[in-house]
Amino acid sequence: MSAPMLQLQGLKKAYRGKAALRGLDLTVNDNEIFALLGPTGAGKSSTLLASAGLIDLDAGRVTLAGQDVTDADPASRDVAIVFEGFNLLPVLDVKDNIAFALRSPAFREDEKEVALRVGRTAELLRISHLMDRDVGTLSGGEKQRVAIARALVRRPVMFLLDEPLSALDLKLREGLRAELRQIHRQHRSTMLYATHDYHGAIAIADRVGIIDAGIIQQAGTIEEIYARPASVIVGKLVGSPSMAFFDAAIDDGHVVVKGAEQRLPVSEFGTVRAGGGKVLLGVWPEDIEIGVADASGASTGTIYAVDNRGFERAIQVDTPAGSFRKVVPLSMPFTQGDACSFRIPQGGGFLFDAASGKRISQMEDVN
Amino acid sequence: MSDTKIPSGSDTQAIAHATRQNVLRKRSSGRLMIFGFLSPTLAILLFMVAYPIFSLIYYSFYNFSALRQSTMKPVGLGNYAYLLSDPELWERFIFTGKFVFICVTLQMLIGIFVGYQMQKNFRGRDVIFTILMMPMMLSPVVVGFLWRYMLNSEWGIINFLLSSVGIAKIDWLGQTNAALWAAAAADTWMWTPFIVLLATAAFRGIPETIYEAAEVDGASPAYRFFRITLPMSAPVLFIALILRLIDSFKQYDLFVALTGGGPGSSTETVSFSVAKTAFSYFYTGEASALAVILLVIIIGLSMILVRHLTKMGEKY
Amino acid sequence: MAEITLKNLSIEFGDFKAVDDVNLTVKDGEFVVYLGPSGCGKTTTLRCIAGLVKATRGDVLFDGQRVNDLTASERNIAMVFQFVSLYPHLSIKENIVFPLKARGIAKAEIARKLDWVTDVFKLGDELRRYPGALPPGARQKVALARAVIRDPAVLLLDEPLSAIDEQFREEMRWELGHLQRQLGVTTIYVTHDQREAMSLADRIVLMNDSRIVQVSEPDRMFFDPINVFAGQFIGSPSMNLIDLVPVSGGLRLGDSEVTLTEKRDRLPQWALASKRPLKLGVRPLNVHLTDEKSAGDALPVDDIFSVGRERFFSFRIGDNIYQGVDKRLSTGGTEGRVHFEPEGLLFFDADTGRRVDAEAAA
């Protein structure tokens, strides 16, 4: 179906003793947008730089469009990077910035062809009116479009985007994301998009890879990740709000959440790989049932804070087993300090080993 | 618009192959290039710094005179023993020490005070600042002669001003103590602007919001100066202190022009002695030894102070 | 704690009117957020309340007392700035007690207050460390601790979360909300981020171009904007703003094929009968793409994308792109009918931008 465009195998890289990549494996398929989602310091930038050939790897292999490019220098790899800080050349105007790569010895295009391509790309990104402007005079959104145009005009085999929208404010971000999606739909392209913003990642990605501590924790579509989160780290990075975790223990065939009323039979979670002992019960907040205090069969928690979101509210609930955040409808009139009750519905969670963080429960029938 | 088709599938392979035909270059290590750029500087350093210093140390162990090179004789630590047991030399050290102490103290205090005043935006500030910087740009010899004339006991302007307010004329350059203060005044006049410059820069480096926060917190201007301004500029001011310390320790030109080392040889700094020994008496070996002693002292002092400086910076 | 009143406050720098005739009362213990785009005058107003900027005309009153002539130190206010406001050369502990020491408070009292603040802010381990060693979010927390240790009359915050990495901003926002409610100190907070305002405020003061546009609780601000600016500034994704063309049987959306009718979409009578040109404001969450044939008119779908677990869709009318929520059962494809929730229809005067529905009030 879709051939792999970029394959990263066992990438290892350490900067002055501190490991940034610890054996990273990743595959990006042809014509897909792959979002690399992870916190700052997880290794996102290093992964992109390694793919582009801008850093030396300590170990591992980079394969691009079927060719092993691990030792190839950046110019010959035919990838384009859009950087977080735009990295536009301050001494050139907009059109020269975009044309820059085309004028290098590697491409050797003649001027007429260059002007044509630059013109068409500028039109695509709606910056034709900025061509003669000095880059220093552009707004953040405009600079970002120029950076994208500069990458686009080369028609590379693959695009690498390193948090391209983080410097922009919310409204601008939505607009540019829509444009990126547009460009991807109309013209085939393969993108590896690194970000720490969960919303940003799923707004445009076909598949998502969760990266933390230099390795890929899990990769797949967002539905796959929701259905089978591989570890605690994945749960913490996915979802808005992200997964709720409760300290629990397996006791006599039941999962007992610390300080809570509920005893959930282990069988509800499918097959569980563990002998007992400390576990973490992870539940997607959407699956937690919330109600007023003293509901029967439910555990009690306290409202730590309330976040008003217009159409809905989000609340943070403190419980003896840990706190969690959840979106609730406006009809629920919670204020800070109130008591509330919560219940974990049948089969509504996953069990993780408290020490390693890996998921230990496995449901048989997953659709 | 649809012409800007980003290549897909087989197109991709074709173009990718084309651009990579013989261009799959290995990544250059770049180390050769780095060395290439550094070698001219390394050569200069070697020739103009390393060689002279090693010759200096070499000759310090010899009874050697540049005028009569044939009669060179190794004496081991003989030069050093002679110098360190010479009471005259200790007088020189004490004099130099007094000079350094007075200069650095005066310059730091006046410099910080003026630098602080420069922070406020008053009319003509830029003009005054430029004028203030001028003494620093003169060479020490020029400054020395300038002050020599100003301090002339007969017709110098300083004594003239003093007599017009009823103070008797002072023989500035004829007495050792007065000459010490005169030299200190000249050096301070010349170098305080340097401290002012650094202090101003240090003070300007403190963000306005810190002062606003302090004001909101209820701190009076004096409290702000001693608890915020000074501590936050401490590293830069300390650097200024180190530089002035080392520099005044080596002072030579000023004294040549101002006092010629007189009266007698009482206003000779250690540097002055080195020059005199080397080029008046041509006891080259002995002068080298003295120069080495001076070098060791300055290096030792600097190392102690710089270590203290790095400890200061660690906090931030 | 104090009640802050601004009476006809104007602040001018030469010819430039930074703040133009602002009137507002902040109740004791209230959390008020000044929200607006950069340059709207919100920060200048805050700094005037602080005493760092002088009012050109009008009064600033603390509990009824005029404070215009008092300096910042004299006003008993506390402030948290956008950028580094901690003293980098002092430890966290020294930073926090600085305001008490600067005012000559007794040592025993200082120790007591320090204990209290350490407890509330859970600072235990960090007291010995230096600001440089802490991440920006933690630093602002310390700045907040330093601010409240004095029991100020009012707490002023100038975009305190802007300089913090996005990742940690949300955490800090939750903490801030929790802490303010717990401490109960009168708080005035400035930001350009409407999410922060919605999340934290008891009331939002929306400003634009040196003037106050609307003052409301977050809910009211969201559902009941007073004009187009308010409607579009609050809420993300932004409110759709579509021209309405009177046609027989209803109001047509711009140049599209979609017409809102009185019966199906419950259009108010006065809107149909209006002589003045109107624009429709409707938030994306009130625009549904559905399979039901009876629900609405067919509209060509431009793009489908996800935000959270919701699926959104975008559609074009003329040159503009609008957004709504995809509520179809089958995913993908560009076929669907668009339904506008009647409760979510907001009508604005096309010329002045003012809201013309009855409920809107300042």
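Analyst: Domain bounds here come from an automatic or database domain assignment, and for chain A that assignment gives domain 1 (4-230) and domain 2 (241-362). This is a predicted model, in which local features need pLDDT of at least 70 and side-chain atom pairs count only at pLDDT 80 or more, while totals for chains, interfaces and linings use all residues. Residues are numbered from 1 along each chain as its sequence is written, with chains lettered from A and ligands numbered from 1 in the order in which they are written.

User: How far apart do the C-alpha centres of domain 1 and domain 2 of chain A lie, and what does the assignment give for chain C?

Analyst: In chain A the two centres lie 38 Å apart. The assignment for chain C gives domain 1 (4-225) and domain 2 (240-349), whose C-alpha centres lie 41 Å apart.

User: What makes a residue of chain A count as buried, and how many of its residues do so?

Analyst: A residue is buried if 20 or more other C-beta atoms, placed from the backbone, lie within 10 Å of its own, exposed if there are 12 or fewer, and partly exposed in between. By that count 45% of the 367 residues of chain A are buried, and for chain C the figure is 43% of 362 residues.

User: What makes the largest group of nonpolar residues a core?

Analyst: The term stands for a set of buried Ala, Val, Leu, Ile, Met, Phe, Trp, Tyr and Cys residues joined through C-beta atoms within 7 Å. The largest set that meets this has 111 residues, and Leu192(A) and Tyr193(A) have the most contacts inside it. Helix 4 (residues 140-152) of chain A gives the most to this core, with 6 residues; helices (H or I, at least four residues) and strands (E, at least two) are DSSP runs, numbered from the N terminus. Both domain 1 (4-230) and domain 2 (241-362) of chain A give residues to the core, so it lies between them. Another core lies apart from it and has 74 residues, among them Met79(C), Phe81(C), Leu176(C) and Val213(C).

User: Which residues is Tyr193(A) in contact with, leaving aside its neighbours within four places in sequence?

Analyst: Two residues are in contact if their C-beta atoms, placed from the backbone, lie within 7 Å. With those neighbours left aside, Tyr193(A) meets this test with Ile33(A), Phe34(A), Ala35(A), Leu36(A), Leu161(A), Ile204(A) and Ala205(A). Across chain A, 68% of the contacts with a separation of 6 or more are between residues 24 or more positions apart.

User: Why are strand 2 and strand 5 of chain A said to stand at the edges?

Analyst: Two strands pair if DSSP finds at least two bridges between them, and in chain A 4 strands form an open sheet in the order 2-1-4-5, with antiparallel pairing. Strand 2 (18-29) and strand 5 (67-68) each have a single partner strand, so one side of each is left without a neighbour in the sheet. Strand 1 (residues 4-15) is joined to strand 2 by 9 bridges, against the at least two that the definition asks for, so the two count as paired.

User: How many residues does each chain give to the contact between chain A and chain C, and what is the side of chain A made of by class?

Analyst: Chain A gives 26 residues and chain C gives 23 residues. Helix 5 (170-186), helix 6 (198-204) and strand 17 (299-308) of chain A each supply at least two residues of the side of chain A that touches chain C, and helix 5 gives the most, with 6 residues. That side has 9 nonpolar, 10 polar and 7 charged residues, where Ala, Val, Leu, Ile, Met, Phe, Trp, Tyr, Cys and Pro count as nonpolar, Asp, Glu, Lys and Arg as charged, and the others, Gly among them, as polar.

User: What is the side of chain C that touches chain B made of by class?

Analyst: This contact takes 20 residues from chain C and 16 residues from chain B, and strand 6 (77-80) and helix 2 (92-102) of chain C each supply at least two residues of the side of chain C. By class, that side has 15 nonpolar, 4 polar and 1 charged residues.

User: Which residues of helix 2 of chain C are buried, and what do they pack against?

Analyst: The buried residues are Ile92(C), Asn95(C), Ile96(C), Val97(C), Phe98(C), Pro99(C) and Leu100(C), and they pack against helix 3 (107-121) and helix 4 (136-148) of chain C. Just after helix 2, Gly104(C) takes a positive phi of about 75°.
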